[in-house]
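Here is a short briefing to read with the model open beside you. Let's walk through a hairpin, a sheet and the nonpolar cores.

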Amino acid sequence: MATANVSTICSACKKKTTTYSCPGCSNYFCVDDLLTHREELKSQFHEIEHQRNEFMQILTDRNENNRNNHPLINQINQWEQESIEKIKKTAQEQRQLIQQSILSYAQNIQTELDTLTEDMQKINKKKDFNEKALNKLKKQLNHLEEQLNQPTHIEIKQDSSATFIQKLSINIKSNITSGKFYRHQLKANLKWKQHGKTIAGGNGKGDQLNQLNRPYGIYVDHQQKHIYIVDNENHRIVKWKLGENNGQIVAGGNGRGNRIHQLNSPVDVIVDENNKSLIISDYGNRRVVRWSLQNTNDDKEILIQNIRCYGLVMNENGDLFVSDLENCTVKRWKNGEIGKGKEGTIVAGGNGRGNQLNQLNGPSYIFIDRKETVYVSDCLNHRVMKWLKGAREGIVIAGEQDEDSLNQLNHPQGLVVNEIGDIYVADWGNSRIMSWSLGSTEGRVIVGGNGYGRGSNQLNSPFGLSFDVENNLYVADFENHRIQQFEVNKN
């Protein structure tokens, strides 16, 4: 309430009269001006009230609109849609993988059944019925029945380490003949730690069980956590369990020679899981041989003779591919032809030694993809070649000169190709492992390339290479007499 003051000057009309103070602004007003002042204040209040009501309406409208149309909500919606598309894509890829595996599995059984039928027809035609032949037929038929009645060979795994949406992966446990054929997917654009770990050998050149003497090819058994090593100058194949200090001789080791229990400078090895055996490129004896993994004293046989065999690979159908260093070819023996004296079919090269697109010069290691495309380390031409199924000439996809720049190779050796066509190759003469992305004109060094040496980040003339299911890299470090493991860099 305003307080009266006698004979004070009014702040509005400037007349000396009885005035009243305003508690808000502390000014003195006559009666008329005080009423006017109060009306002004009242009008200002109503203006503020009106602004408040407008703001309330704006806030209400914006809340309604932002509930569904806020930029952050839109961002979440976009993330949701993209995630759903990725999940759908992954699910479709895994469905296709399973479908392909089921089809391939059935086709392999059918192929073996066809071979059995042919054998029975031959016996019936010749009327050559005897106990040995009939027992063999029974054994083959029982084996087919076992394969057909085995539990599913496909397992679906979910990555429990994922914190939100679990990653889905398919693990196919092969029950069919398989060799150095990568059923897991080697991802693109991976990087590896540059310092490797010695997992076999590394104790100097020698023939003790903790030593190697110039290792060549290697084969990683993912399920058993073993690595099979071609111990070239010890003329033996060594099985080395990951994490142990000593290996175990599983083939050869009986001195250099050409008897059935001996090897002579072997170069490559694969595992025939169906027959529980090793298939070995017995280079010095000009033959491909089989050694049983179940009984190392028996069950040895010569599969192919008179061939300067080098690289070996077996596809999902059980067809065996072999590179012939001397005749500059890669040949295929179908599943039913292996060990039966067949000549094999040329699938790459075969036009003499040379550097033309229809020629090879010293083909070493090879790789076969699901479409039966043949990849060859064309060693003496310092290049990697790709031969499509049925092609009369190949395509140069890496190298072609013996230098050390990123678009060149120097005597390439071990070779792996991932699902999208990226190649990984042991650049022997440059002591490094290279990767060439599909369609690239130059490669990148993934490990090594730091000069010849024994350091953990160095290699010395690498030969074989392989990957495990975790995409860790394994290298046969030839002149260092060791096997190096380079872990994938998950960062």
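Two strands pair if DSSP finds at least two bridges between them, and strands here are DSSP runs (E, at least two residues; helices are H or I, at least four), numbered from the N terminus. This is a predicted model: local features need pLDDT of at least 70, side-chain atom pairs count only at pLDDT 80 or more, and totals for chains, interfaces and linings use all residues. Residues are numbered from 1 along each chain as its sequence is written, and side-chain values use heavy atoms, with hydrogens and water left out.

**The β15-β16 hairpin**
- β15 and β16 form a hairpin with 5 residues between them, and G318 in the turn has a positive phi of about 85 degrees.
- The two strands, β15 and β16 (residues 320-324), pair in the antiparallel sense over 4 bridges.
- M314 stands opposite L320 in β16.
- Because 6 of the 6 residues of β15 (residues 309-314) are buried, β15 is largely enclosed by the rest of the structure; buried means under 20% relative accessible area, exposed over 50%, and partly exposed in between (1.4 Å probe, protein chains only).

**The open sheet**
- An open sheet has 4 antiparallel strands in the order β23-β24-β25-β26.
- Its edge strands, β23 (412-417) and β26 (444-448), each pair on one side only.
- β25 (residues 432-436) joins β26 over 4 bridges in the antiparallel sense, with G448 in β26 as the bridge partner of R432.

**Nonpolar cores**
- A nonpolar core is a set of buried Ala, Val, Leu, Ile, Met, Phe, Trp, Tyr and Cys residues joined through side-chain atoms within 4.5 Å.
- Among the 33 residues of the largest nonpolar core, I237, L278, I280, V288, L320 and V322 touch the most other members.
- β15 gives the most to this core, with 4 residues.
- A second, separate core of 27 residues includes V384, L415, V447 and V475.
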